[in-house]
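Hi,

Here is the structure I promised to pass on to you. Have a look at it first, and then read my notes below.

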Amino acid sequence: KFSHLWYGFQSSAFTGYKYVDFTIHITSVNNKSGTPDVDKDVMHIYGYNSKEECILQKNIAQGVITKQTENSDITITIQNDAMNYFEFRLNANPYKGTQCYNFGVGSITVKGRN
């Protein structure tokens, strides 16, 4: 459950692929109190190379995770064969109007391809 800012996780190291596809299964989207962080992306995906340097940032924008995406998948693709591990971090709660949400992730599938 992504309920606090900066919650996240990191992958193990892997061999770089030209493309890495992330499929995120959103299990729940729940009302949360608070004030929306207007114009802030919901999540950031950071990609690191074998020297542990951050070489990319992919953003998941507001409007991608909504009540309508509950019990469905979101797919994101990163193209960078130098990426050897990644981190996901919650940057801001999703919101609609003045209502903030937290959300649950049931699974994340990561698939590398060349």
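Let's start with Asp-39, which is exposed because its relative accessible area is 73% (exposed means over 50%, buried under 20%, and partly exposed in between, with a 1.4 Å probe and protein chains only). Asp-39 also has a positive phi of about 65° although it is not a glycine. You'll find Asp-39 in the loop between β2 (19-32) and β3. Strands here are DSSP runs (E, at least two residues), and helices are too (H or I, at least four), all numbered from the N terminus.

Before you go on, keep in mind that this is a predicted model, where local features need pLDDT of at least 70 and side-chain atom pairs count only at pLDDT 80 or more, while totals for chains, interfaces and linings use all residues. Residues are numbered from 1 along each chain as its sequence is written, and side-chain values use heavy atoms, with hydrogens and water left out.

Another non-glycine with a positive phi is Trp-6, at about 75°. Trp-6 sits in the segment before β1 (8-10).

Now for the sheet. In general, strands of a sheet pair through backbone hydrogen bonds, either parallel or antiparallel. Here there is an open sheet of four strands in the order β1-β6-β3-β4, with antiparallel pairing (two strands pair if DSSP finds at least two bridges between them). β1 and β4 are the edge strands, each pairing on one side only.

How much of β3 is covered? β3 (residues 43-48) is mostly covered, with six of its six residues buried. Met-43, Ile-45 and Gly-47 point one way from β3, while His-44, Tyr-46 and Tyr-48 point the other way.

On one hand, β3 is joined to β4 (residues 54-60) by six bridges, and the two run antiparallel. Tyr-48 stands opposite Cys-54 of β4. The two strands form a hairpin with five residues between them, and Glu-52 in the turn has a positive phi of about 65°. On the other hand, six bridges also join β3 to β6 (residues 85-90), again antiparallel. In β6, Gly-47 has Phe-86 as its bridge partner, and His-44 has Arg-89.

What about the cysteines? Cys-54 is partly exposed, at 44% relative accessible area, whereas Cys-100 is buried, at 2%. The disulfide count comes to zero (a disulfide is a pair of cysteine sulfur atoms within 2.5 Å).

A search of the whole structure finds six aromatic pairs (ring centres of Phe, Tyr or Trp, using its six-membered ring, lie within 6.5 Å; planes under 30 degrees apart count as stacked, over 60 as edge-to-face, and the rest as tilted). Phe-22 and Phe-88 have ring centres 5.4 Å apart and planes at 75°, so this pair is edge-to-face. The pair links distant parts of the chain, with Phe-22 in β2 and Phe-88 in β6, 66 residues apart. Phe-86 and Phe-88 are also edge-to-face, at 5.8 Å centre to centre and 75° between the planes. Phe-86 is buried, with a relative accessible area of 4%, and Phe-88 is buried too, at 1%. Phe-9, Phe-14, Phe-22, Phe-86 and Phe-88 form one aromatic cluster.

Happy exploring!
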